[in-house]
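Please take a look at the chain below.

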Amino acid sequence: MPTETLSITAAAGHALEGALEMPTGLVRGAAVFAHCFTCTKQSRAAISVARALATQGIATLRFDFTGLGGSEGDFGRAGFATDIADLVAVAGALKERFDAPLLLVGHSLGGAAVLAAAHELGADNVAAVATIGAPSDVPHVLHIIKGDHAAIRADGEGPVTIGGQSFSVSREFLEKTEAVDLLDLVKQLRLPYLALHSPTDTIVGVEHASALFQAAFHPKSYVSLAGADHLLTDRADAEFAAETIAVWAKRYLPTLDTGLLPETGVVVKTGHGKFGTEVHTASHRFIADEPRSYGGDDTGPTPYDLLNAALGTCTVMTMKMYTDRKGWPVQGYNVHVTHEREHAKDCDHCEDEGEGAQIQSLNRTIEVLGDDLTDEQRAKIIAIADKCPVHKTLEGHLHIHTKEAD
């Protein structure tokens, strides 16, 4: 997936560093991912979840909270209130870019932060919220901060270790963390909510998910990440969580209006990957791409796949329309179409094309399913395949006229 590096100004004026994972082609929504306590946007969960969401068409921004990773500011003085402010700033920037309510996703303490931020941002800016391994009470994280808390309260600041890393935190940091009543905020939340939690999580017990779920209003959902650890260090667990969130969020994320749906024909637009390309019809949107062996991301059919599909689908539709009208006992059709570039070397009618002509072919194999069909019926069905409109277009005198748009 293509990744954009972003810098967003926090409420306090310093820079927050982010990485925006863009879908190769169609963007159907946008999301913000908040990482776990003292993690960064480079954690396995952050990268795996953000990129998996991008494959589902959701542009996802993972960023570093104040004082962590590439973001400026003092982590030791920030506290949970600053995390919320960071999320509000980041969500505002993403909402401005995509002009649609966002999906907020948070991991561990980041999950608590997105719930609190969603309460502040409201339904005009947030479409839905999902958390992974989130604590139901923010002060819960204080037990993993190893240090003399009493001395920090007395002196105003002191050294601690968190997950083996050394930090200096302030009295304000501890007080801001203790002051949050997350369950009260969740009770006031009126947004779709999905809680994902592992029953074997040894850092944040599954009882926290139960408390959050009980506090939230419907629509709400719970998914068990059975066997996963708290940090989702197994890529398969992170990807399962992301795919689950993406499918769930599709119900709530508004499809972005591109303004490209044509009344006739198709409009094709540059996507976000090396070859990813958006295709818009009057009522559908999809992606064309190239396989990874050609440098693409393999997120959609290739141009020649689409050409083959045009002939194959038209063939099936034409045969079905014919046999339905006849009332014949056909059970279905399988049509295999391939494209051949070096058709000239075994072409028995190439002299008709003129010297130097590039001879290509589409090879079509048709399987007619139905044990009760006669040989005569089968022959007529195969013959009718050549009557399909796309077949006639491809073998007719086709001209392509190109002009630059006004």
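What follows goes from helix pairs to nonpolar cores and then to individual residues.

This is a predicted model, in which local features need pLDDT of at least 70, side-chain atom pairs count only at pLDDT 80 or more, and totals for chains, interfaces and linings use all residues. Residues are numbered from 1 along each chain as its sequence is written, and side-chain values use heavy atoms, with hydrogens and water left out.

**Helix pairs**

Two packed helices are described by the angle between their axes and the distance between the axes. Axes are lines fitted to C-alpha atoms, for helices over the stretch in contact, and angles run from 0 to 180 degrees between N-to-C directions. Helices (H or I, at least four residues) and strands (E, at least two) are DSSP runs, numbered from the N terminus.

Take helix α1 (residues 44-55) and helix α8 (residues 235-249) to begin with. Their axes come within 8 Å and cross at roughly 40 degrees. That makes α1 oblique to α8. Angles under 35 degrees count as roughly parallel, over 145 as roughly antiparallel, 65 to 115 as roughly perpendicular and the rest as oblique. The crossing of α1 past α8 is right-handed.

Contact here means heavy atoms within 4.5 Å. By class, the α1 and α8 contact holds seven nonpolar, one polar and two charged residues. In this scheme Ala, Val, Leu, Ile, Met, Phe, Trp, Tyr, Cys and Pro are nonpolar, Asp, Glu, Lys and Arg are charged, and the others, Gly among them, are polar.

Another pair is α9 with helix α10 (residues 375-385). Their axes lie 9 Å apart, and the angle is about 135 degrees. α9 and α10 are therefore oblique to each other. α9 passes α10 in a right-handed crossing. On the α9 side, T315, T318, M319, Y322 and T323 take part; they meet K380, I381, I384 and A385 of α10. This contact has five nonpolar, three polar and one charged residues.

**Nonpolar cores**

A nonpolar core is a set of buried Ala, Val, Leu, Ile, Met, Phe, Trp, Tyr and Cys residues joined through side-chain atoms within 4.5 Å. Buried means under 20% relative accessible area, exposed over 50%, and partly exposed in between (1.4 Å probe, protein chains only).

The largest nonpolar core has 56 residues. Within this core, F80, L87 and L182 touch the most other members. Helix α3 (residues 109-121) gives the largest share, nine residues. What does L87 contact, leaving aside its neighbours within four places in sequence? The partners are V32, A34, F63, F65, A113, V114 and A117. Another core, of 28 residues, lies apart from the largest one; F33, A52, I132 and L232 are among its members.

**Single residues**

The table lists relative accessible area for selected residues.

| Residue | Relative accessible area | Class |
|---|---|---|
| T302 | 14% | buried |
| R153 | 31% | partly exposed |
| H119 | 32% | partly exposed |
| D298 | 44% | partly exposed |
| D99 | 63% | exposed |

T302 sits in the loop between β14 (285-288) and α9 (303-326). Beyond neighbours within four places in sequence, T302 contacts D289, E290 and P291. D298 is also found in the loop between β14 and α9. Its phi is near 55 degrees, a positive value in a residue other than glycine.

D99 also has a positive phi without being a glycine, at about 50 degrees. D99 is placed in the loop between α2 (75-98) and β5 (102-107).

R153 belongs to helix α4 (residues 149-155). Not counting residues up to four places away in sequence, R153 touches R171, L174, E175 and E178. The C-alpha atoms of R153 and S170 are separated by 7.8 Å, at 17 residues apart along the chain.

H119 is in helix α3. With neighbours within four places in sequence left aside, H119 contacts L185, Q188 and L189.

Where is the cis peptide bond? The cis bond joins H218 and P219, with omega about 5 degrees. P219 lies in the loop between α7 (207-215) and β11 (220-224).

How values were computed:
Left-handed = near helix turned anticlockwise from the far one by under 90°.
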